[in-house]
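Have a look at the structure first, then work through the points below.

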Amino acid sequence: MNKQTKPARRTPKAANPVPEETPSPAAEAAGEASRLFPIVGIGASAGGLEALELFLANVPADSGMAFVIVQHLDPTHKAIIVELLQRGTAMHVFQVKDRTRVEANCVYVIPPNKDMSILHGVLHLLDPVAPRGLRLPIDFFFRALADDQQEHSIGVILSGMGSDGTLGLRAIKEKAGVVFVQEPASAKFDGMPRSAIDAGLADVVAPVEVLPGKISAYLQHAPLITKPGRSDEYVAQSALEKVVILLRSQTGHDFSLYKKTTVYRRIERRMGLHQIDKIANYVRFLQENPQEVELLFRELLIGVTSFFRDPEAWEQLKAEALPALLAGGAANQALRVWVPACATGEEAYSLAIVFKETLEAQNSREPAKNITLQVFATDLDQHAIEKAREGVFPANIAADVPAKRLDRFFVKVERGYQVAKSIREMVIFAPQNIIMDPPFTKLDLLSCRNLLIYLTPELQKKLLPLFHYSLNPGGFLFLGNAETVGTFDNLFAPLGGKTRLYRRLESPLTTEPIEFPATFVAAQPSAPARPQKPTTNLQTLADQLLLQTYSPAAVLTNDKGDILYISGRTGKYLEPAAGKANWNIFAMAREGLRYELTAAFQRALRPVPRAETGTVSLEPGLPSQKETVTLKNIVVGTDGGKQAVNVTIQPLSEPNVLHGMVMIVFTDVAAAPEVKATGKPRRDNAHAKELEQELEHARQEVQSLREEMQSSQEELKSANEELQSTNEELQSTNEELTTSKEEMQSMNEELHTVNQELQNRLDDLSRTNNDMKNLLDSTDIATLFLDNSLCVRRFTSETSKITKLIPGDVGRPITDIASALLYPELADDARQVLRTLIKVERQIPTPDGNWFAAHILPYRTLENMIDGVVITFTDITVSKKLEAELRATEARLREMLDEK
């Protein structure tokens, strides 16, 4: 790479001979604008030194980039990698110290026995937590780099064993960063590069000496498509719409409802990788290259997930939601769970694992109900669904899955870990477009995490009511940490804590009908079905008559006052409000009831001391936060005059389906008989009483406002404390990341040693085989090896001249092989040797007059085990001929002696 490149987002600074320590916060803020240069994270392991030297040798001294190297180092020895790398590059190479600020045109190397993170361009060192042999320092740094640099993060994977770095690259891809991987064929050890490629995370795969040029070219051509107010904004919008059309025509999926910023970032990445500077040119590139359309489609899906992501949320799900579902479930019931946008299945399997643990814990405390779980996991990406069905994950999931769960719910296989059969059988994977396809229904739990953040608000407003429709009453909605239900707090109530776990509420009568996707067409019968006449039941008819005639009027509302159900005749107390239909009880309350009902309703939902007048605890003897409130002798204006009424407001906590709702009961009170009085003071007394009532009402309203103000102040104070706590958490994000990833250096060294030993043994075995072959060939003795079943195991080249054996006959029974020997007893003799362990010797003729001496011996292993027979055939034709000649000569001599 001879050309000097200047990335657009940086102002190069001269490298200091000593790493710069972190300045004060004021200086840090002042210099932030001048420090916008690319920070490249490089991960390497076994064989990485050679690759690093070759990589840095091809980086110009003034490239404007900073390189942070994380390599598996021996924690017990002093590293000399800094000196070795410094010899091959003009850039300054430093070993990182705690709180070292990253500068352009410098190389930073992790020290031994440390984990490294980055926060606002400052490198921090942490002591590893887990024991040596299981450390994943590359994953740890790449995740921190993704959080710190966001879409500007760059990850590079070079030679190394194992799969360290793969999970970190997923985080980089999630933030719209870019990933460069060394070509496995050029790597001394291809484990890490191949793991990144097999996971579908590599944007560029090239030989190590080419990667620096690829990175510089990407940074030089990374465009910014549009900003509000730019003159070419209309052109960019038009081109973006064309990209969406091309995606829809080839994949069948519409991305017009995805957030434009997300689509823009993904298109910018692809343009930068192909060094295309105008989006119009990229549209043409898509038209000419259908494969690029498929790559862009998969990139827009952002299939980044992990096991037990956000552990606090999973703990709350295990502690609150799942026990509630199990407690309310019937015997032999199957709980239904839907996980849309499941990617490669980690979240679906996590749900199954947590359910199994919760079910076993409950069964240990009470009789088992035999409740099962059925998880429906769907995704748009067919490739991701296929990987999820396979259920095989890399070995570095040990960083996210506790060792106890790993041993119990996973099986160690060659490629990493495979989900156990008991967990795999709980999950059904299927391709689905959540926007276009019909939803799953009658669900007990719906887990849609980190999908809504990529969709437009308009689409979110359609999906959340759809989720409400899909869930059973009392079901739970599980969202990601950055997602909320927004304005649909009338559909879902949050559980306590900071997690995004919601319980389904009964929707008010004002809820608009669910708009299902266009492809979901409800079945329409050709003719209306005739309702079946119910069987007459005396008890049912009597109950209905009592309810209609003698029970008081009542309404069921949610905690906002929206009416969900009406029992009896409520026309004397409620009337529809003028204007747009409004089913809120406060808007429908008649004159004389509205203010009292509003104050009493709020009072019933707030914590009230139990000793207070007019309240009764729902559960005597137990503390209660919400108590029943009763209003007595409230005069309500009706169409025909006035009516005295008692109103009871009762918050409901049981059964679970009605939890959070409020029951309001109206009971008529008989009017007191009017006493006739003489004289004029009666009218004045009535007027004074009316004024007193209004004054009392005003006092109660003021008291209610005071209580509301006090409650609001407490809520604001609590919110302020939460904001302060959140601010502290954000400032210490570096210390509150997931469990430290630990290096695998010792394991790599052991594997390398074992591999070397195996290689030596293979060399010894190869030499022994060669010696044996040459020895047998040099004796010119036909040797045949048979196993215990008398099948051919091995033979020498001389044997093929006698028995017509070819290499393909290995494994065939000897009785199936044609032979030139007149030896039909061969198989019987071999079996005799296997039975008696005594060798057999025979002299065997051939049709052409040759003779062979056959020796059959048992085949003994080094462990003195009999594992077949060895048969040798020695050519004795010459000796047989000499023997015959000698016999003939002897016979002639005897005849001559007899004649004398």
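Serine 163 is buried, at a relative accessible area of 11% (buried means under 20%, exposed over 50%, partly exposed in between, using a 1.4 Å probe and protein chains only). Keep in mind that this is a predicted model, where local features need pLDDT of at least 70, side-chain atom pairs count only at pLDDT 80 or more, and totals for chains, interfaces and linings use all residues. Residues are numbered from 1 along each chain as its sequence is written, and side-chain values use heavy atoms, with hydrogens and water left out.

**Around serine 163**

- You'll find serine 163 in the loop between strand 8 (154-157) and helix 5 (166-174); helices (H or I, at least four residues) and strands (E, at least two) are DSSP runs, numbered from the N terminus.
- Leaving aside residues up to four places away in sequence, serine 163 touches Met192, Ser195, Pro394, Ala395 and Asn396, with contact meaning heavy atoms within 4.5 Å.

**Salt bridges overall**

- The whole structure has 23 salt bridges, each one a side-chain nitrogen of Lys or Arg within 4 Å of a carboxyl oxygen of Asp or Glu.

**Arginine 143 with aspartate 400**

- These two form a salt bridge, and the closest N and O atoms of arginine 143 and aspartate 400 are 3.2 Å apart.
- It's a link between distant parts of the chain: arginine 143 sits in helix 4 (residues 137-149), aspartate 400 in the loop between strand 13 (392-393) and helix 15 (403-409), 257 residues apart.
- Arginine 143 counts as buried at 16% relative accessibility, and aspartate 400 counts as buried at 16%.

**Aspartate 190 with arginine 194**

- Here the closest N and O atoms of the salt bridge between aspartate 190 and arginine 194 are 3.2 Å apart.
- Aspartate 190 is partly exposed at 31% relative accessible area, and arginine 194 is partly exposed at 39%.

**Glutamate 575 with arginine 590**

- The side chains of glutamate 575 and arginine 590 pair up in a salt bridge at 3.4 Å, N to O.
- Glutamate 575 is in the loop between strand 22 (563-567) and helix 19 (585-588), while arginine 590 is in the loop between helix 19 and helix 20 (594-605), so the pair ties together parts 15 residues apart in sequence.
- Glutamate 575 is partly exposed at 34% relative accessibility, whereas arginine 590 is buried at 8%.
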